[in-house]
Amino acid sequence: MFSPFEEMQKAVDVVNTSLHPTSKVAATLSGEGFSVSRTNYWPGSILRHFGMEQDIGNSSGTLHAEMHCILTAPVTAGSSLFVTDPLCPNCAKNIAEAGVKAIYIDHKGFDKDFASRRGDDFQNMSMQICARAGISVYEIRRKEERIIPILEIAPDYAPANDAPVIISAIGTIDRAAFLDLIAESRANLQGEKFAVALARDGNGKAFGLTVKSHLAVGYTKREDRAELHHPQGKYTCILEPANRLLMNAARLGLKIDPACLYASTVPTAREQVNLVGAGISILSIGDMVQARDEFSIMAMRQLADAGILKIEQV
Ligand SMILES: [Zn+2]
């Protein structure tokens, strides 16, 4: 069993290694037999081609520290996260999808200029997402060795999960298996936005993963469509399918093959940056024109032109 104070200290110890000039954030993710600490960062290929200033579509080129941990950890189901700063709604959605069960936030993160910059997003969205997903949230005071509950989840709470990832065992990872899974998913999910990937577990066993876009964990399509929204539209409660694939693979301890990820329409700019961060090198797309917004198309062109993400129509 880990000590929450030591785990938080590990995050604090690396926070100044973040290259971000103004927003240095770090996190530790701890679970059965592992503990990883990471900062927010630019994937190397993005940093080299675009630098720190340029956006990819309408997304920054950085991955948040929470995502960096999730994409690094061996398996995230049931893990605990320790963060130097209160989390943003996008990370809250992804953390929930990755199966993290508890979040600890350093008390210093609530000082700074947090309240003026991100306080509302945290209170109104991130915490709602955690409550629905069944994630307990605590403030941690290292010096006093105190843990203050912010959100406690009833032990018998089970979040709704009406569109889980579909997992199938496959023989080997190759082009034929990839195309088969795309064709099968296309037939089953006619007209829906979805993504598929081939992945391996720690023993090299191969799996196919299929997900459609869905609301954050604990929200259901029938009842919650309008409930969770950001006043300026900066965040939505929808989790896009390629992001869901990354988070579910992390949750299950599966490593997605860098050349075997498919999205039925163009992923959002943020998703594409996350895909690069997850080591994906070839992105297969069904409909190259369909996208949530024009920034998705812009990001696809930027990353393809820079040779960072090879785009293939399938
Ligand atoms: Zn975040």
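Which residues does Ser126 touch, not counting residues up to four places away in sequence? Keep that in mind as the tour begins.

**Before you click**

This is a predicted model, where local features need pLDDT of at least 70, side-chain atom pairs count only at pLDDT 80 or more, and totals for chains, interfaces and linings use all residues. Residues are numbered from 1 along each chain as its sequence is written, and side-chain values use heavy atoms, with hydrogens and water left out.

**Stop 1: Ser126**

Select Ser126. It lies in helix H6. Helices (H or I, at least four residues) and strands (E, at least two) are DSSP runs, numbered from the N terminus. Ser126 touches Leu87, Cys88, Pro89, Ala92 and Asp121, with residues up to four places away in sequence not counted. Contact here means heavy atoms within 4.5 Å. Ser126 is buried, at a relative accessible area of 0%. Buried means under 20% relative accessible area, exposed means over 50%, and partly exposed is in between (1.4 Å probe, protein chains only).

**Stop 2: helices H4 and H6**

Show H4 (residues 89–97) and H6 (residues 119–133). Their axes come within 9 Å and cross at roughly 10°. H4 is therefore roughly parallel to H6. Axes are lines fitted to C-alpha atoms, for helices over the stretch in contact, and angles run from 0 to 180 degrees between N-to-C directions. Angles under 35 degrees count as roughly parallel, over 145 as roughly antiparallel, 65 to 115 as roughly perpendicular, and the rest as oblique.

Colour the contact next. H4 brings Pro89, Ala92, Lys93 and Ala96, while H6 brings Asp121, Met125, Ser126, Ile129 and Ala133. By class, these residues are six nonpolar, one polar and two charged. Ala, Val, Leu, Ile, Met, Phe, Trp, Tyr, Cys and Pro count as nonpolar, Asp, Glu, Lys and Arg as charged, and the others, Gly among them, as polar.

Stay on H4. Eight of its nine residues are buried. Among them are Pro89, Asn94, Ile95 and Glu97. Just after H4, find Gly99, which takes a positive phi of about 80°.

**Stop 3: the zinc ion**

Which protein atoms are the donors of the zinc ion? Select His64 (ND1), Cys88 (SG) and Cys91 (SG), which lie 2.0 to 2.3 Å from the zinc ion. Donors are N, O and S atoms within 2.8 Å of the metal (3.2 Å for Na, K and Ca); water is not among the atoms, so sites may look incomplete. Along the sequence, the donor residues are spaced H-x23-C-x2-C. His64 sits in the loop between helix H2 (44–50) and helix H3 (65–72), and Cys91 is in helix H4, so the pair ties together parts that are 27 residues apart in sequence.

Buried or partly exposed: which is His64? At 34% relative accessibility, His64 counts as partly exposed. Cys91, at 2%, counts as buried.

**Stop 4: helix H3**

Move on to H3. Six of its eight residues are buried. They are Ala65, Glu66, Met67, His68, Cys69 and Ile70. Their cover includes S1, strand S2 (34–39), strand S3 (80–83), H4 and helix H9 (241–252).

**Stop 5**

Select Thr28 in strand S1 (residues 26–31). Thr28 is buried, with a relative accessible area of 0%. Its side chain makes a polar contact with the side chain of Ser37 (2.8 Å). A polar contact is a pair of N or O atoms within 3.5 Å; within protein, one must be able to donate a hydrogen and the other to accept it, and residues adjacent in sequence count only if both atoms are side-chain atoms. Look also at Glu7: its backbone oxygen lies 3.0 Å from a polar atom of the Thr28 side chain.

Next, pick Val36 in strand S2. Val36 is buried, at 11% relative accessible area. Beyond its neighbours within four places in sequence, Val36 is in contact with residues including Thr28, Cys69 and Ala73. Val36 and Ala73 are 37 residues apart in sequence and 6.4 Å apart in space, C-alpha to C-alpha.

**Last stop: helices H10 and H11**

Show H10 (residues 269–277) and H11 (residues 294–305). Their axes come within 8 Å and cross at roughly 30°. That makes H10 roughly parallel to H11. Ala269, Gln272 and Val276 of H10 meet Phe295, Ser296, Ala299, Met300 and Leu303 of H11. This contact has six nonpolar, two polar and no charged residues.
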